[in-house]
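I opened this entry to keep track of what I looked up in the model. The notes follow the order in which I checked things.

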Amino acid sequence: MEEEKDKRATAAQVTAAAPVGYIDSVYCGSGVDGNGLRCVVFFAGCNLRCPFCHNPETLFKQGTMTDINSLVSRLERYKGYFRRGGVTLSGGEPFLQKSFALALVSALHAKGIRCCFETNGHIADAELIGAAEYLIVDVKNQESDDLAPYEKFFAECVRQDKEVRVTNVLVPGKNDGEEKLRALAALVKKYFPGEPSEHIKFLPFRKLCEEKYAELSIPFPYAGIRECERDDIEKANKILQNL
Ligand code: SF4
(Lines give C-alpha, C1' and ligand atoms only; values in the text may rest on other atoms or scores of the structure.)
Protein backbone atom coordinates (compact mmCIF):
# COMPACT_ATOMS: atom_id res chain seq x y z
CA MET A 1 0.00 0.00 0.00
CA GLU A 2 2.75 2.40 1.05
CA GLU A 3 4.72 1.30 -2.00
CA GLU A 4 1.73 2.08 -4.28
CA LYS A 5 1.44 5.54 -2.70
CA ASP A 6 5.13 6.17 -3.28
CA LYS A 7 4.78 5.14 -6.91
CA ARG A 8 1.81 7.47 -7.37
CA ALA A 9 3.70 10.31 -5.70
CA THR A 10 6.72 9.80 -7.96
CA ALA A 11 4.53 9.72 -11.09
CA ALA A 12 2.80 12.93 -10.00
CA GLN A 13 6.15 14.63 -9.38
CA VAL A 14 7.42 13.58 -12.82
CA THR A 15 4.25 14.83 -14.52
CA ALA A 16 4.43 18.11 -12.65
CA ALA A 17 8.14 18.58 -13.32
CA ALA A 18 8.97 21.26 -15.86
CA PRO A 19 10.75 19.90 -18.95
CA VAL A 20 14.50 20.35 -18.81
CA GLY A 21 17.02 20.77 -21.57
CA TYR A 22 20.72 21.47 -22.03
CA ILE A 23 21.67 24.86 -23.30
CA ASP A 24 25.02 26.48 -23.81
CA SER A 25 23.97 30.12 -23.50
CA VAL A 26 21.38 32.78 -24.22
CA TYR A 27 22.25 35.91 -26.16
CA CYS A 28 19.82 38.80 -26.28
CA GLY A 29 20.18 41.56 -28.84
CA SER A 30 20.94 39.71 -32.07
CA GLY A 31 19.95 41.42 -35.29
CA VAL A 32 21.08 38.64 -37.61
CA ASP A 33 19.27 35.49 -36.48
CA GLY A 34 15.84 36.09 -37.98
CA ASN A 35 13.42 39.00 -38.18
CA GLY A 36 13.95 42.04 -35.97
CA LEU A 37 15.72 42.01 -32.64
CA ARG A 38 16.07 38.55 -31.14
CA CYS A 39 17.10 36.50 -28.17
CA VAL A 40 19.03 33.44 -29.29
CA VAL A 41 18.98 30.26 -27.22
CA PHE A 42 22.05 28.19 -28.07
CA PHE A 43 21.23 24.54 -27.46
CA ALA A 44 24.09 22.29 -26.40
CA GLY A 45 25.06 19.34 -28.58
CA CYS A 46 25.11 18.78 -32.31
CA ASN A 47 24.85 15.81 -34.65
CA LEU A 48 27.42 17.30 -37.07
CA ARG A 49 31.05 18.35 -36.74
CA CYS A 50 31.51 21.10 -39.29
CA PRO A 51 35.17 22.08 -39.62
CA PHE A 52 34.25 25.78 -39.68
CA CYS A 53 31.92 25.60 -36.67
CA HIS A 54 31.68 28.98 -35.02
CA ASN A 55 30.34 27.59 -31.74
CA PRO A 56 32.60 24.65 -30.87
CA GLU A 57 31.72 25.08 -27.20
CA THR A 58 28.20 23.84 -28.01
CA LEU A 59 29.66 20.61 -29.44
CA PHE A 60 32.09 19.54 -26.80
CA LYS A 61 30.50 20.68 -23.55
CA GLN A 62 27.42 19.16 -22.00
CA GLY A 63 25.78 22.54 -21.48
CA THR A 64 23.76 23.74 -18.52
CA MET A 65 20.65 21.87 -17.47
CA THR A 66 17.84 24.39 -17.62
CA ASP A 67 14.18 24.06 -16.80
CA ILE A 68 11.64 25.56 -19.10
CA ASN A 69 10.02 27.87 -16.56
CA SER A 70 13.20 29.70 -15.62
CA LEU A 71 14.26 29.99 -19.26
CA VAL A 72 10.88 31.35 -20.34
CA SER A 73 10.77 33.93 -17.53
CA ARG A 74 14.28 35.02 -18.48
CA LEU A 75 13.27 35.43 -22.13
CA GLU A 76 10.00 37.10 -21.25
CA ARG A 77 11.93 39.98 -19.67
CA TYR A 78 12.97 41.05 -23.17
CA LYS A 79 9.48 40.87 -24.67
CA GLY A 80 9.19 44.66 -24.84
CA TYR A 81 12.24 44.85 -27.12
CA PHE A 82 11.13 42.20 -29.59
CA ARG A 83 8.54 44.07 -31.70
CA ARG A 84 9.04 42.34 -35.07
CA GLY A 85 11.52 39.93 -33.50
CA GLY A 86 11.33 37.05 -31.06
CA VAL A 87 13.32 34.07 -29.94
CA THR A 88 15.62 31.99 -32.16
CA LEU A 89 16.30 28.41 -31.11
CA SER A 90 19.81 27.73 -32.33
CA GLY A 91 22.86 25.81 -31.26
CA GLY A 92 24.40 23.36 -31.56
CA GLU A 93 21.38 21.67 -33.05
CA PRO A 94 18.02 22.47 -31.40
CA PHE A 95 16.28 19.56 -33.17
CA LEU A 96 18.33 17.11 -31.07
CA GLN A 97 16.32 18.04 -27.95
CA LYS A 98 12.88 17.56 -29.38
CA SER A 99 10.62 17.60 -26.33
CA PHE A 100 12.44 20.53 -24.75
CA ALA A 101 12.39 22.53 -27.99
CA LEU A 102 8.68 21.83 -28.52
CA ALA A 103 7.86 22.78 -24.94
CA LEU A 104 9.91 25.97 -25.21
CA VAL A 105 8.20 27.09 -28.43
CA SER A 106 4.79 26.30 -27.01
CA ALA A 107 5.49 28.19 -23.74
CA LEU A 108 6.82 31.21 -25.65
CA HIS A 109 3.81 31.21 -27.98
CA ALA A 110 1.57 31.20 -24.92
CA LYS A 111 3.33 34.43 -23.88
CA GLY A 112 2.83 35.94 -27.35
CA ILE A 113 6.50 35.58 -28.33
CA ARG A 114 7.33 34.46 -31.87
CA CYS A 115 9.95 31.80 -32.49
CA CYS A 116 12.12 30.49 -35.30
CA PHE A 117 14.60 27.65 -35.58
CA GLU A 118 18.15 27.82 -36.83
CA THR A 119 18.99 24.28 -37.83
CA ASN A 120 21.41 22.22 -39.88
CA GLY A 121 18.45 20.59 -41.61
CA HIS A 122 19.55 17.00 -41.00
CA ILE A 123 16.65 15.99 -38.76
CA ALA A 124 13.42 16.19 -40.75
CA ASP A 125 11.11 15.99 -37.77
CA ALA A 126 7.57 16.95 -38.82
CA GLU A 127 6.47 18.15 -35.37
CA LEU A 128 9.47 20.41 -34.89
CA ILE A 129 9.24 21.76 -38.42
CA GLY A 130 5.61 22.59 -37.77
CA ALA A 131 6.22 24.27 -34.41
CA ALA A 132 7.94 27.57 -35.16
CA GLU A 133 6.96 30.42 -37.50
CA TYR A 134 9.83 29.85 -39.93
CA LEU A 135 13.12 28.00 -40.26
CA ILE A 136 16.62 29.13 -41.11
CA VAL A 137 18.43 26.16 -42.60
CA ASP A 138 22.18 26.25 -43.04
CA VAL A 139 23.27 24.00 -45.90
CA LYS A 140 26.64 22.38 -45.21
CA ASN A 141 28.17 21.60 -48.59
CA GLN A 142 31.76 22.56 -47.81
CA GLU A 143 33.13 19.03 -47.40
CA SER A 144 30.36 16.95 -48.93
CA ASP A 145 28.26 16.94 -52.06
CA ASP A 146 25.52 14.92 -50.43
CA LEU A 147 22.43 17.12 -50.29
CA ALA A 148 20.00 14.27 -49.60
CA PRO A 149 19.30 15.24 -45.95
CA TYR A 150 18.10 18.66 -47.12
CA GLU A 151 15.81 17.10 -49.73
CA LYS A 152 13.96 15.30 -46.96
CA PHE A 153 13.88 18.36 -44.72
CA PHE A 154 12.74 20.78 -47.42
CA ALA A 155 10.08 18.35 -48.68
CA GLU A 156 8.56 18.31 -45.18
CA CYS A 157 8.73 22.12 -44.95
CA VAL A 158 6.93 22.39 -48.29
CA ARG A 159 4.33 19.84 -47.19
CA GLN A 160 3.59 22.03 -44.18
CA ASP A 161 3.85 25.26 -46.16
CA LYS A 162 6.58 26.54 -43.85
CA GLU A 163 8.76 29.48 -44.70
CA VAL A 164 12.40 28.48 -45.12
CA ARG A 165 15.42 30.74 -45.37
CA VAL A 166 18.55 29.04 -46.60
CA THR A 167 21.97 30.12 -45.43
CA ASN A 168 25.32 28.83 -46.60
CA VAL A 169 28.70 29.61 -45.05
CA LEU A 170 30.89 30.52 -48.00
CA VAL A 171 34.38 29.09 -47.55
CA PRO A 172 36.94 30.10 -50.19
CA GLY A 173 38.14 27.11 -52.16
CA LYS A 174 35.55 24.82 -50.59
CA ASN A 175 32.08 25.77 -51.78
CA ASP A 176 32.45 28.99 -53.76
CA GLY A 177 33.05 27.28 -57.11
CA GLU A 178 30.43 27.17 -59.84
CA GLU A 179 29.75 23.44 -59.49
CA LYS A 180 28.84 23.68 -55.79
CA LEU A 181 26.81 26.84 -56.33
CA ARG A 182 24.94 25.19 -59.18
CA ALA A 183 24.05 22.16 -57.03
CA LEU A 184 22.89 24.41 -54.18
CA ALA A 185 20.74 26.46 -56.55
CA ALA A 186 19.22 23.31 -58.07
CA LEU A 187 18.34 22.01 -54.61
CA VAL A 188 16.61 25.22 -53.62
CA LYS A 189 14.85 25.61 -56.97
CA LYS A 190 13.39 22.13 -56.65
CA TYR A 191 11.49 23.07 -53.47
CA PHE A 192 10.90 26.80 -53.41
CA PRO A 193 9.30 29.06 -56.00
CA GLY A 194 11.11 32.01 -57.57
CA GLU A 195 14.82 32.43 -58.09
CA PRO A 196 17.22 30.53 -55.79
CA SER A 197 19.07 33.81 -55.16
CA GLU A 198 15.95 35.12 -53.39
CA HIS A 199 16.13 32.29 -50.84
CA ILE A 200 19.87 31.83 -50.28
CA LYS A 201 21.95 34.08 -48.07
CA PHE A 202 25.69 33.53 -48.10
CA LEU A 203 27.44 33.98 -44.77
CA PRO A 204 31.16 34.79 -44.89
CA PHE A 205 33.51 32.24 -43.36
CA ARG A 206 35.29 33.95 -40.46
CA LYS A 207 37.95 32.88 -38.03
CA LEU A 208 36.85 34.83 -34.96
CA CYS A 209 36.15 31.48 -33.31
CA GLU A 210 39.84 30.49 -33.30
CA GLU A 211 40.18 31.63 -29.69
CA LYS A 212 37.35 29.33 -28.63
CA TYR A 213 39.12 26.34 -30.20
CA ALA A 214 42.32 27.32 -28.39
CA GLU A 215 40.44 27.53 -25.08
CA LEU A 216 39.00 24.06 -25.67
CA SER A 217 42.48 22.80 -26.67
CA ILE A 218 41.22 21.44 -29.96
CA PRO A 219 42.64 22.29 -33.38
CA PHE A 220 40.59 24.57 -35.63
CA PRO A 221 40.26 22.46 -38.79
CA TYR A 222 39.99 25.44 -41.16
CA ALA A 223 42.84 27.42 -39.58
CA GLY A 224 44.76 27.41 -42.86
CA ILE A 225 41.90 28.68 -45.01
CA ARG A 226 41.54 32.37 -45.70
CA GLU A 227 38.48 34.28 -44.53
CA CYS A 228 35.71 35.07 -46.98
CA GLU A 229 35.69 38.67 -48.21
CA ARG A 230 32.88 40.85 -49.50
CA ASP A 231 34.14 40.24 -53.08
CA ASP A 232 33.73 36.48 -52.63
CA ILE A 233 30.12 36.95 -51.54
CA GLU A 234 29.41 39.30 -54.46
CA LYS A 235 30.98 36.84 -56.90
CA ALA A 236 28.91 33.95 -55.53
CA ASN A 237 25.73 36.03 -55.69
CA LYS A 238 26.48 36.95 -59.31
CA ILE A 239 27.08 33.32 -60.26
CA LEU A 240 23.80 32.38 -58.58
CA GLN A 241 21.87 35.13 -60.35
CA ASN A 242 23.27 34.15 -63.73
CA LEU A 243 22.68 30.43 -63.55
S1 SF4 B 1 25.73 22.17 -37.55
FE2 SF4 B 1 26.23 24.19 -36.71
S3 SF4 B 1 26.66 23.81 -34.56
FE4 SF4 B 1 26.71 21.82 -35.58
S5 SF4 B 1 28.88 21.52 -36.07
FE6 SF4 B 1 27.91 22.45 -37.85
S7 SF4 B 1 28.22 24.64 -37.62
FE8 SF4 B 1 28.59 23.69 -35.61
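**Helix α3 against helix α5**

I began with two helices, α3 (residues 68-76) and α5 (residues 98-110), whose axes come within 10 Å and cross at roughly 45°. The model is a predicted one. Angles from 65 to 115 degrees would count as roughly perpendicular and those under 35 as roughly parallel; α3 and α5 are therefore oblique to each other. I noted the crossing of α3 and α5 as right-handed. From α3, the contact takes in Ile-68, Leu-71, Val-72 and Leu-75, and from α5 Ala-103, Leu-104, Ala-107 and Leu-108. I sorted this contact by class and found eight nonpolar residues, no polar and no charged ones.

**The sheet**

Next I traced an open sheet of eight strands with mixed pairing, in the order β3-β1-β2-β4-β5-β6-β7-β8. Its edge strands, β3 (64-67) and β8 (200-204), each pair on one side only. On average, neighbouring strands are turned by 35° against each other, direction ignored.

I then looked at β4 (residues 86-90) and β5 (residues 115-119), which run parallel and are joined by three bridges. Thr-88 has Cys-116 of β5 as its bridge partner.

**Helices on the sheet**

I found α3 lying across β1 (20-30), β2 (38-43), β3 and β4, at about 80° to β3. Helix α11 (residues 230-241) also packs on the sheet, where it touches β7 (163-170) and β8, and its direction makes about 160° with that of β8.

**Around the ligand**

Last, I listed the residues around the ligand, among them Cys-46, Arg-49, Cys-50, Cys-53, Glu-93 and Asn-120. The shell divides into five nonpolar, five polar and two charged residues.

Conventions. Residues numbered from 1 in each chain as written. Predicted model: local features only at pLDDT ≥ 70, side-chain atom pairs only at ≥ 80, totals over all residues. Near = placed C-beta within 6 Å. Nonpolar A, V, L, I, M, F, W, Y, C, P; charged D, E, K, R; others polar. Axes fitted to C-alpha atoms, helices over the stretch in contact; angles between N-to-C directions. Helix = DSSP H or I, 4+ residues; strand = E, 2+ residues; numbered from the N terminus. Parallel < 35°, antiparallel > 145°, perpendicular 65-115°, else oblique. Left-handed = near helix turned anticlockwise from the far one by under 90°. Contact = placed C-beta atoms within 7 Å. Pairing = 2+ DSSP bridges.
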